[in-house]
Amino acid sequence: MPERQQLVKEPPRARPTYPGIRHKEAVERPHPWQALFDNAPEAMLVADRAGMILEANPAACQLHGWPREQLLGVNFIDLAEVECRPELAFVCLPAPLGERAHALRCTWMSANGAVPVELHVSAIEWLGEAAVLVRLRSIRESLRLEQELRRSEKRFRALFDSNPAPMWVCDAQTLAFLAVNQAALQHYGFTRAEFLRMTVRDLSPVAPATDVPEDGGADAAAVAAAAADGSSGHAPDQSPCRRCQHITKDGTIIDVETTAHTLPYGDRKAWLVLITDVTQRLQAERALREQQALLENIIAHIPGAVFWKDRNGVYLGCNDNNARDLGRKSPAEVIGLTDFDMPFSRAEAEFYRDCDRKVMQARQPLLNIEEPQHRPDGSEAVLLTSKVPLHDDAGQVIGVLGVYTDITERKRAEQLVEQRERLFRAVIEAAGAVPYTRNYLTDQFDYIGPGIESLLGYRPEELTPDVWQSLAQEVILPGRTQGCSAAEASALFRQNPSVSWHSDVRVRTKSGEERWLFNAAVKMLDARGEVVSAWGLLQDITERRRIDEQLRQSQKMEAIGRLAGGIAHDFNNLLTVINGYGDLVLRQLPPDDPYYEPVQQMVAAGGRAAKLTGQLLAFSRKAILAPRVLDLHNVVADMKAMLRRLIGEDIELETTTHGPAMVKADPGHVEQIILNLVINARDAMPQGGKMAIELCNVELDEAYARTQPDAVPGHYVMLTVTDTGIGMDKATQARIFEPFFSRKGDKGTGLGLATVYGAVRQNGGHITVASEPGRGASFKVYLPRLHEPSREDAGALPRAALPRGTETVLLAEDEQAVRDLAGRVLSQCGYHVLAATDGGEAMHLAQRYTGQIDLLLTDVVMPKLGGRELAASLQKLHPHLKVIYLSGYTDDAVIRHGILEHDVPFVQKPFAPLALAARVREVLDERDEVGPDVVL
């Protein structure tokens with residue numbers, strides 16, 4: 001049957017015409033009866049008139065063994081046996097709504113194979129269209145029962161004849177025997193012919209007429225087959241099990257139990273009677289009752305609680321202790337109840353029932369179970385219970401016997417100890433420590449906390465003393481700078497008279513990572529004072545030591561920065577004088593003068609020296625920033641020669657640009673970004689390799705910005721630095737821009753890429769890195785792109801005329817050479833200059849001067865009175881006074897004096913005469929109402 005095999009494996013493929021929109025409408029606009037349909041226990045399908053399945057409830061999905069999505073769109077007619085399909089197609093023909101359902105039986109295909117079903121098809125309206133409702137019910141069990149019934153009828157005679165228990169069939173009216181089995185013949189001693197001439201009354205020792213039920217009962221003598229007599233309350237087709245006496249052919253009276261059932265026998269009603277000889281059992285029961293009385297006496301006086309139940313969990317008995325715990329006055333009040341009738345919570349009752357079933361199913365005792373129990377008085381108890389299966393004489397499990405002891409107080413004490421232990425462990429875990437105990441008699445760790453695996457990568461059972469000594473690279477003891485081995489530290493520990501002990505241990509974890517641990521231990525001594533064991537804690541101090549090292553590195557860098565800043569300040573003052581006078585001389589010489597070129601070379605050298613000062617300030621990370629319009633193409637081109645010398649001959653450098661790359665950024669920042677990225681790439685290629693610097697214009701859309709937290713959609717210049725070095729894994733990439741994170745160990749400060757990140761972010765851009773171990777790295781820097789060059793890009797010509805003016809300028813500068821230069825430049829430009837050696841003298845000049853002072857040109861840091869304080873005092877005397885600050889200090893000194901604010905006029909030393917004159921003219925030309933607000 002190839003077609004059936006295909007159907008069994010998977011549902012028929014949905015046809016292309018399946019109305020998917022109709023299903024969508026059903027989801028968005030559920031039918032009022034949708035909940036009833038989904039929760040119906042009967043498998044239900046909704047199909048159109050062509051048989052296409054439009055909807056299926058969970059019961060249908062379970063019947064077919066396919067999810068709902070696979071059933072939708074399938075023709076349900078194709079799921080039936082081939083011979084049933086024409087009839088199914090017929091019942092799907094159009095019919096009025098509400099027409100009586102068509103019912104038929106057929107074989108249905110499912111994922112689990114062929115299933116016989118009874119199918120009902122009714123016409124309905126579904127989402128405004130004619131459809132059919134198909135209800136399916138598996139009749140596999142019904143068919144099986146029918147077949148079983150036929151087989152049972154065949155077996156009845158064989159069972160009846162071969163049954164070892166006496167059985168007979170008698171007429172329900174006359175009680176005459178109609179049939180008897182062989183066991184009855186043997187047990188009673190009559191022949192079959194003798195039985196068939198007798199009635200049930202003939203087997204009773206006494207047969208009074210009143211014993212015969214009016215409705216035709218079954219055993220008149222002992223009502224052995226007793227039918228309902230009107231007062232028993234039993235159904236007339238079955239009698240209760242009754243005990244009576246019968247007489248055999250030899251006159252022996254026996255005790256029997258009879259059970260009778262009505263059954264048709266030909267054309268009349270008859271009774272099938274089963275006889276059980278209980279003579280010996282009754283004798284055994286009497287002996288058992290005697291033994292039971294003794295057992296009950298013993299159980300009643302057992303100190304613990306005892307109970308026993310049948311297979312259904314019904315209490316068969318218990319002692320007084322158990323009855324009292326259950327809130328009952330005596331065991332008699334417990335018998336016949338279950339745990340669900342007791343004052344237990346439902347969860348407790350289900351737990352008891354599950355334990356009972358485990359005992360009976362496994363046929364094995366279940367010992368020392370801790371069971372919670374709610375008492376009738378509302379208190380809670382904990383029981384230690386043992387349960388064993390109860391067997392009958394045949395070895396069959398008939399129930400369970402339980403014995404328990406109340407351990408509530410003991411558990412409370414244990415919980416108190418456990419709470420204290422949990423508190424102790426919580427305190428240790430909160431401190432990030434791992435406890436351990438070491439036995440020096442066996443030289444083994446008796447206990448190591450589970451946190452050791454996250455700390456060192458070893459499971460507790462793996463960390464033996466030998467492993468510990470192998471992974472401990474260095475042990476630093478208190479008061480020592482030199483480390484020792486773990487074996488030496490262990491020997492010193494045992495020799496040291498102090499009870500407590502601590503040390504720092506450098507270890508290599510299972511993964512190869514180096515960590516520092518703080519090991520604190522307390523000795524346990526024997527009577528002779530010998531160390532027998534130690535209790536200790538291991539705590540990860542890697543981060544603390546790293547921070548300490550970073551602090552030392554930071555302090556070292558801070559000291560170098562201060563030195564660089566101090567040198568830069570003094571050097572800036574010298575360069576201001578050299579470059580300033582050189583520029584003034586150069587302006588006085590015609591180009592054909594023989595001294596013009598030497599002076600020009602001197603000024604150019606001074607400019608290069610100023611750049612060196614800028615690099616020194618950049619190294620100290622304290623340079624004052626001044627964004628300018630830059631073409632990164634020119635910046636890379638200017639730095640290319642220096643970069644080639646920096647990376648060495650074993651690294652090939654390639655630069656690629658794609659048109660102008662205009663940005664507005666601080667030139668020092670840009671150079672620092674390129675320099676640090678190139679140095680980082682160089683260090684990643686210790687054996688040489690290739691490095692590429694590429695510039696191109698890109699546009700970042702919103703989709704990209706959503707994947708990068710720092711990115712903003714827009715146009716950017718992308719600077720890419722790529723190397724073929726060692727690369728890095730994902731964990732390293734996640735921390736590569738963190739301050740003080742370095743892959744170079746003690747050789748790096750961990751500030752290079754952190755500085756790059758800060759510079760990029762400060763200039764409105766963002767940076768990404770892509771890398772894999774062994775495949776190099778690619779850093780991409782995105783800076784906002786300028787579409788048109790700004791006027792700032794043009795700069796000023798060296799020989800441009802100095803801007804002039806007639807205003808009064810108060811000059812406060814403590815460095816005489818700088819003061820003389822600035823005064824000369826301003827005087828040549830036409831300004832009236834009042835020069836002061838410091839802030840105090842400037843105040844005296846301003847107070848004595850009777851005219852208007854238009855501008856204060858002051859150094860930031862001066863003796864007696866600083867520039868900020870001077871400006872604040874003078875502006876009280878001259879409200880419209882404008883201020884320009886001079887400084888050769890680094891920006892932290894400027895910030896400490898409150899100068900470096902947004903749009904505050906500022907001139908950085910060394911300065912060119914043209915730059916000073918232009919800045920003075922620019923500030924003086926500003927609107928008066930802006931000046932004081934901007935300065936202060």
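This is a predicted model: local features need pLDDT of at least 70, side-chain atom pairs count only at pLDDT 80 or more; totals for chains, interfaces and linings use all residues.
**Exercise 1. Pairs that link separate elements**

Find which elements are tied together by Glu55 with Arg68, and by Glu474 with Arg506.

Solution. 
- Step 1: Start with Glu55 and Arg68. Their closest N and O atoms are 2.7 Å apart, and they form a salt bridge.
- Step 2: Glu55 belongs to strand S2 (residues 53-56) and Arg68 to helix H5 (residues 68-71), so the bridge ties together parts 13 residues apart in sequence.
- Step 3: Compare the two ends. Glu55 is buried at 4% relative accessibility. Arg68 is partly exposed, with a relative accessible area of 23%.
- Step 4: Turn to the second pair. The side chains of Glu474 and Arg506 form a salt bridge at 3.1 Å, N to O.
- Step 5: Here strand S18 (residues 472-476) holds Glu474 and strand S19 (residues 500-508) holds Arg506, so the parts tied together are 32 residues apart in sequence.
- Step 6: Some bridges share partners. Lys309, Asp339, Asp356, Glu371 and Lys387 are joined in this way into one network. The structure holds 34 salt bridges.

**Exercise 2. A lysine without a salt bridge**

Lys523 is buried yet has no salt bridge. Describe its surroundings.

Solution. 
- Step 1: Locate the residue. Lys523 is in strand S20, residues 514-525.
- Step 2: Look for an opposite charge. The nearest such side chain is Glu530, 9.8 Å away. A salt bridge needs the nitrogen and the carboxyl oxygen within 4 Å.
- Step 3: Look for a backbone partner. A polar atom of the Lys523 side chain lies 2.7 Å from the backbone oxygen of Phe493.
- Step 4: List the other neighbours. Leaving out residues up to four places away in sequence, Lys523 touches Phe493, Arg494, Asn496, Pro497, Ser498, Val499, Val531 and Ser533.

**Exercise 3. A loop arginine**

Where is Arg785 placed, and which residues does Arg785 touch?

Solution. 
- Step 1: Arg785 sits in the loop between strand S28 (777-784) and strand S29 (808-812).
- Step 2: The relative accessible area of Arg785 is 21%, so the residue is partly exposed.
- Step 3: Arg785 and Tyr716 are 69 residues apart in sequence, yet 4.5 Å apart C-alpha to C-alpha.
- Step 4: Beyond residues up to four places away in sequence, Arg785 touches Met662, Asn697, His715, Tyr716 and Val717.

**Exercise 4. The whole chain**

How many helices and strands does the protein chain have, and what share of its residues is buried?

Solution. 
- Step 1: The chain has 29 helices and 33 strands.
- Step 2: Of its 936 residues, 43% are buried.
- Step 3: Residues 24 or more positions apart account for 56% of them.

Key. Residues are numbered from 1 along each chain as its sequence is written. Side-chain values use heavy atoms; hydrogens and water are left out. Helices (H or I, at least four residues) and strands (E, at least two) are DSSP runs, numbered from the N terminus. Buried means under 20% relative accessible area, exposed over 50%, partly exposed in between (1.4 Å probe, protein chains only). Lys and Arg count as positive and Asp and Glu as negative; His and the chain ends are not counted. A polar contact is a pair of N or O atoms within 3.5 Å; within protein, one must be able to donate a hydrogen and the other to accept it, and residues adjacent in sequence count only if both atoms are side-chain atoms. Contact means heavy atoms within 4.5 Å.
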